[in-house]
Amino acid sequence: PLVLHVLGARPNFVKAAPVVRALGELGVRQGIIHTGQHYDELMSDVFFRDLALPDPIANLAVGSGTHAKQTAALLVGLEEVFTGHEPDLVVVYGDVNSTLAAILVAAKLGISTAHVEAGLRSFDRSMPEEVNRIVTDSLSDLLFTTSPDALQFLAREGVAPEKVHFVGNPMIDSLFSALPKLDPAPVQKRLGLPSRYAVATLHRPANVDTPEAARELVDGVLAVAERIPLVVPIHPRGRARLAEAGLVDGQGVKVVDPLGYVDFLSLVRGATLVVTDSGGVQEESTMLGVPCLTVRPNTERPVTITHGTNRLVTPASLPAAADKALADGAATPSGELPPLWDGAAGPRIARVVAAWLKGDNLSP
Ligand code: UD1
Ligand code: UDP
């Protein structure tokens, strides 16, 4: 049997690495299809190196575009690849457009599918990712969840519970593997940072796609930089708009290119505070015990609030929230880490997939 993993965007690479490794250890025949949704060296290649991911067997080079244009290119490219390779299982990750397109194409071709990071819900359909999550989960044959609450959300949407496997969080597996390599000092030195600093990453469309939202966000972020030196590895999506809104070097702010995985996590590990609108960074800061302020009205990862260091903020509440976080440090409400975020999600997923490929009955 053949398993194909469809990957396209930065967070996909991080989630897939432990699954690919664990399936490899079980001797499963597999290949990576890179859709080319992300294509810059610092948004793609550096992750393959840092995560020791095998080279893709195909790169569709779909590139950027409106949702319709990008998804259309993904559908056409993936149909050709799936038809040519005839996989027994297609594995998709997270909630990006590459995930959505792969599940649609596989479902129409009658190919079985697995979704890693199923059942996350922000209940906010203005987020493109929420739409992708709902469609992907409704079409998946195997659903791997990172948090116990996912099961009830999926059941409510009509997903049969026997398809759902709570396995923990593969993004945290990658973090565990990287831990011995995480050294803040060289990155701090290269970027000219003092030893006490904050890191910000910002790329959600609702925050960066209009001049008004960008200005409001930048005002909040600059207020944080008045309190603690701030480094911003900038996602290409927000680069121009946030710069126009005033997010430029100077006055305690340093704007840099996106960082590779090991460099970025090193920087987070050494940081006093994280400000973000990323999904993955909410989880990683929780595991590294660094206070995290998430500039969003909601999160599909509430476990990072109940079991972690995360707080939801608005641009207007950022300065006061930063003051509080800097005074309180990283106290977590429960004192316990999220269940099964233990570095062994990849092997759990691989065992279920291998059993499924052999035709075992997986009903609990
Ligand atoms: C995508 C995901 C988002 C995820 C993010 C991770 C969707 C709908 N969104 O958002 O959920 O959080 O990836 O980073 O799939 N660009 C470059 N170089 C690149 C890639 C993109 O310059 O290598 C620029 C292009 O101007 C492009 C823009 O970024 O138009 C947006 O890229 P796109 O892949 O459409 O969405 P992201 O915002 O990256
Ligand atoms: N990340 C990185 N370099 C950066 C910013 C983020 O390596 O400059 C990593 C981060 O550690 C996490 C992943 O990229 O593993 C998250 O991707 P992103 O925030 O783009 O997407 P999201 O999680 O919001 O979908």
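Start by selecting ligand 1: α1 (10-25) and α5 (128-139) each supply at least two residues of the shell around it. Helices here are DSSP runs of H or I with at least four residues, strands are runs of E with at least two, and both are numbered from the N terminus. A residue counts as near a molecule or strand if its C-beta atom, placed from the backbone, lies within 6 Å of it.

Before going on, know that this is a predicted model, where local features need pLDDT of at least 70, side-chain atom pairs count only at pLDDT 80 or more, and totals for chains, interfaces and linings use all residues. Residues are numbered from 1 along each chain as its sequence is written, while chains are lettered from A and ligands numbered from 1 in the order in which they are written.

**Stop 1: ligand 1**

Which residues come nearest to ligand 1? Select Asp40, Met43, Ser64, Val96 and Pro236, the nearest of the 19 residues around this ligand. Colour the shell by class and you'll get seven nonpolar, seven polar and five charged residues. (Ala, Val, Leu, Ile, Met, Phe, Trp, Tyr, Cys and Pro count as nonpolar; Asp, Glu, Lys and Arg as charged; the others, Gly among them, as polar.)

**Stop 2: the two domains**

Now colour domain 1 (2-169 + 341-357) and domain 2 (179-328) separately. These bounds come from an automatic or database domain assignment. Ligand 1 lies between the domains, because both give residues to its shell. The C-alpha centres of the two domains are 26 Å apart.

Where they touch, 19 residues of domain 1 are in contact with 17 residues of domain 2; contact means that the C-beta atoms of two residues, placed from the backbone, lie within 7 Å. On the domain 1 side, α1 and α2 (45-50) each supply at least two residues. The biggest giver on that side is α2, with three residues. That side has 11 nonpolar, four polar and four charged residues.

**Stop 3: α4 against α5**

Next, show helix α4 (residues 97-109) together with α5: they pack at an angle of about 30 degrees, with axes 9 Å apart. Axes are lines fitted to C-alpha atoms, for helices over the stretch in contact, and angles run from 0 to 180 degrees between N-to-C directions. So α4 is roughly parallel to α5 (under 35 degrees is roughly parallel, over 145 roughly antiparallel, 65 to 115 roughly perpendicular and the rest oblique).

To see the contact, pick Asn97, Thr99, Leu100, Ile103, Leu104 and Ala107 on α4, then Asn132, Val135, Thr136 and Leu139 on α5. This set has six nonpolar, four polar and no charged residues.

**Stop 4: α12 against α13**

Jump to helix α12 (residues 261-269) and helix α13 (residues 279-288), whose axes come within 10 Å and cross at roughly 50 degrees. These two, α12 and α13, are therefore oblique to each other. Show the side chains of Leu265, Val268 and Arg269 in α12, which meet Glu284, Ser285 and Leu288 in α13. By class, this contact has three nonpolar, one polar and two charged residues.

**Stop 5: ligand 2**

Stay with those helices and select ligand 2: α1, α12 and α13 each supply at least two residues of its shell. Which helix gives the largest share? It's α13, with four residues. Of the 15 residues around ligand 2, the closest are Pro233, Phe264, Ser278, Gly279 and Gly280. The shell divides into nine nonpolar, four polar and two charged residues. Ligand 2 also lies between domain 1 and domain 2, since both give residues to its shell.
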